[in-house]
Amino acid sequence: MGLIAAGWITMLLLLGGVALDRTLASQVRSNFDEQLEYVLTAMIASAEIDPFGDVYFYRSLGDQRFLEPNSGFYWQISGGETEPWPSRSLWDRTIEVRGDHFDNDAHFYDSDQFAGEPLRIAERTIILPGSETRWTFAVASATEEMDAQIQQVRAILIWSFLVLGLGLIAMALLQIRYGLQPLRRVRAAISRLRTSGENRITEPLPTEVQPLVEELNGLLEHSEKQAEEARTHAGNLAHALKTPLTVLTNAATARSPDLNEAVFRETRTMQRHVDHHLARARAVGRRAVGHARTDIRASAEAVRRAVERLYPSGRLDIAGKKDTMVAIERQDLDEILGNLIENAAKYGGGSVFVTIDTQPDNAECIIWVEDDGTGIPEEERARIFDRGARLDTGKPGTGLGLAIVRDVAEIYGGGVTLSESEDLGGLLVELRLPRA
């Protein structure tokens with residue numbers, strides 16, 4: 001910010017200084033030309049034609065510099081076949097005038113005719129009364145005085161703009177330092193969080209940074225929640241694995257004859273617990289990455305193709321909106337829908353019907369998965385979400401499908417409920433997910 005401010009201030013002051021320098025220099029030259037034109041007009045007004053056809057002044061010019069040789073202020077009259085009539089200040093020199101114009105205005109130009117003495121010349125060609133000769137009146141002045149005035153003005157501009165620029169840059173830096181002071185207070189408050197053990201920034205801060213503080217407090221709360229979830233998951237997993245490990249240890253110590261069967265049974269139990277907690281951990285990790293966008297219809301179609309290969313004799317229909325997006329990772333949505341649709345195809349009577357988002361005005365996107373099986377008794381619907389709970393033990397499974405569906409949906413802010421399908425007569429699973 002300081003470099004940008006300094007750059008803009010420098011550029012603007014340079015542009016303004018150049019423009020002002022040209023304006024003031026032009027004004028000095030204009031004043032110089034006005035003085036020359038005044039003298040030129042006085043010369044023409046004082047000029048007459050004598051009886052011999054030559055020009056003379058019926059009154060003398062009042063400037064003493066015209067009488068001093070090489071004074072830097074000269075006049076000259078030329079025209080016709082006569083020799084130019086110079087001022088005494090020219091001594092033995094003459095001015096090379098252009099004389100290529102004839103109008104009512106004076107003409108100004110610079111001349112380097114005299115070495116080391118640049119001149120500014122004002123001339124005008126006229127015809128005097130009583131003469132038919134075109135006379136060229138010229139007044140010349142050395143530009144040393146004008147150049148000195150321009151240099152003086154330029155020096156004043158440079159120093160004043162330099163002081164102004166440094167002052168503006170200093171004020172900009174002070175303004176930046178004062179404006180960013182609340183951020184330094186936020187930094188100090190964050191530093192105190194690490195040393196004092198506090199978990200929130202409670203110090204009153206300016207309104208400009210209050211949204212930042214609120215977002216930071218929200219981030220801290222989110223991190224605490226994730227840490228608490230991680231501790232809970234670790235504790236649950238440790239508790240779930242403790243019993244099978246104890247059983248295996250006791251069986252091994254007692255040299256139980258059914259040790260092989262116990263190992264197989266308990267390791268399957270531990271595998272179910274590990275799979276369940278890994279699914280929850282993956283969902284929590286993906287949710288922490290950012291806001292996801294997944295097309296429900298694309299995920300459902302992919303799951304249908306996989307389920308139809310497993311159960312080729314069944315029928316699976318999908319209806320509803322085709323462009324509904326939900327705020328969940330594609331892998332997690334595939335796992336949720338895969339568990340629900342596969343359960344419906346496995347335990348149902350052969351027909352599965354999936355309906356997607358028929359009420360787009362709701363805050364959540366609702367997905368229904370129905371089958372034509374025997375359904376689940378109402379008193380068993382809450383227990384079926386427990387890890388390892390199975391009502392039909394005659395078919396292969398781990399009893400973790402619905403538990404994973406519920407946990408992953410809740411991690412993303414959704415939910416799942418069970419009821420009876422009015423159309424097919426079997427189980428109706430209502431899955432609610434946040435819209436993207």
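Here are some friendly notes on the structure above, which is a predicted model.

1. Let us start with the sheet. Five strands make up an open sheet, and their order across it is β4-β3-β7-β6-β5, with antiparallel pairing. At the edges sit β4 and β5, each of which pairs on one side only. As background, strands of a sheet pair through backbone hydrogen bonds, either parallel or antiparallel.

2. Now look at β7, which covers residues 134–142. How many of its nine residues are buried? Eight of them are, so the strand is largely enclosed by the rest of the structure. A residue counts as buried when its relative accessible area is under 20%.

3. Strand β7 has β3 as one of its partners: six bridges join β7 to β3 (residues 73–78), and the two strands run antiparallel. You can find this pairing by eye if you pick out single residues. S78 stands opposite T136 of β7, while W75 has V139 of β7 as its bridge partner.

4. Strand β6 (residues 119–127) also pairs with β7, in the antiparallel sense and over nine bridges. Together β6 and β7 form a hairpin, with six residues between them. Within that turn, G130 has a positive phi of about 85°.

5. Are its residues buried or exposed? Six of the six are buried, so β3 is largely enclosed by the rest of the structure. In a regular strand the side chains alternate between the two faces of the sheet. In β3, both faces are covered: F73, W75 and I77 are buried on one side, and Y74, Q76 and S78 are buried on the other.

6. Strand β3 also pairs with β4, through two bridges and in an antiparallel way. Here I77 has W85 in β4 as its bridge partner. The hairpin of β3 and β4 has six residues between the strands, and G80 takes a positive phi near 65° there.

7. Next comes helix α1, which spans residues 2–46 and contains M11. M11 belongs to a nonpolar patch on the surface, together with I4, W8, L12 and L15. The accessible area of these residues together is about 550 Å². M11 itself has a relative accessible area of 37%, so this residue is classed as partly exposed.

8. G7 is another residue of helix α1. Why does G7 count as partly exposed? The reason is its relative accessibility of 38%, because the partly exposed class lies between under 20% for buried and over 50% for exposed. G7 also shows how the chain can bring together residues from separate parts of the sequence: G7 and I169 are 162 residues apart in sequence, with 9.2 Å between their C-alpha atoms.

9. Last, the surface has a patch of negative charge, where E34, E37, D103 and D105 gather. Where is D105 placed? D105 is in the loop between β4 (85–86) and β5 (107–111). With a relative accessibility of 52%, D105 counts as exposed, because the cut-off for that class is over 50%.

Notes: Residues numbered from 1 in each chain as written. Predicted model: local features only at pLDDT ≥ 70, side-chain atom pairs only at ≥ 80, totals over all residues. Heavy atoms only, no water. Patch = residues over 30% accessible without salt bridge, like charges linked within 9 Å, V, L, I, M, F, W, Y side chains within 5 Å. Areas by Shrake-Rupley, 256 points an atom, 1.4 Å probe, with all protein chains shown as cover. Salt bridge = Lys/Arg side-chain N within 4 Å of Asp/Glu carboxyl O. Lys, Arg positive; Asp, Glu negative; His and termini not counted. Charge placed at Lys NZ, Arg CZ, Asp CG, Glu CD. Helix = DSSP H or I, 4+ residues; strand = E, 2+ residues; numbered from the N terminus. Buried < 20%, exposed > 50% of the residue type's maximum accessible area, 1.4 Å probe, protein only. Pairing = 2+ DSSP bridges.
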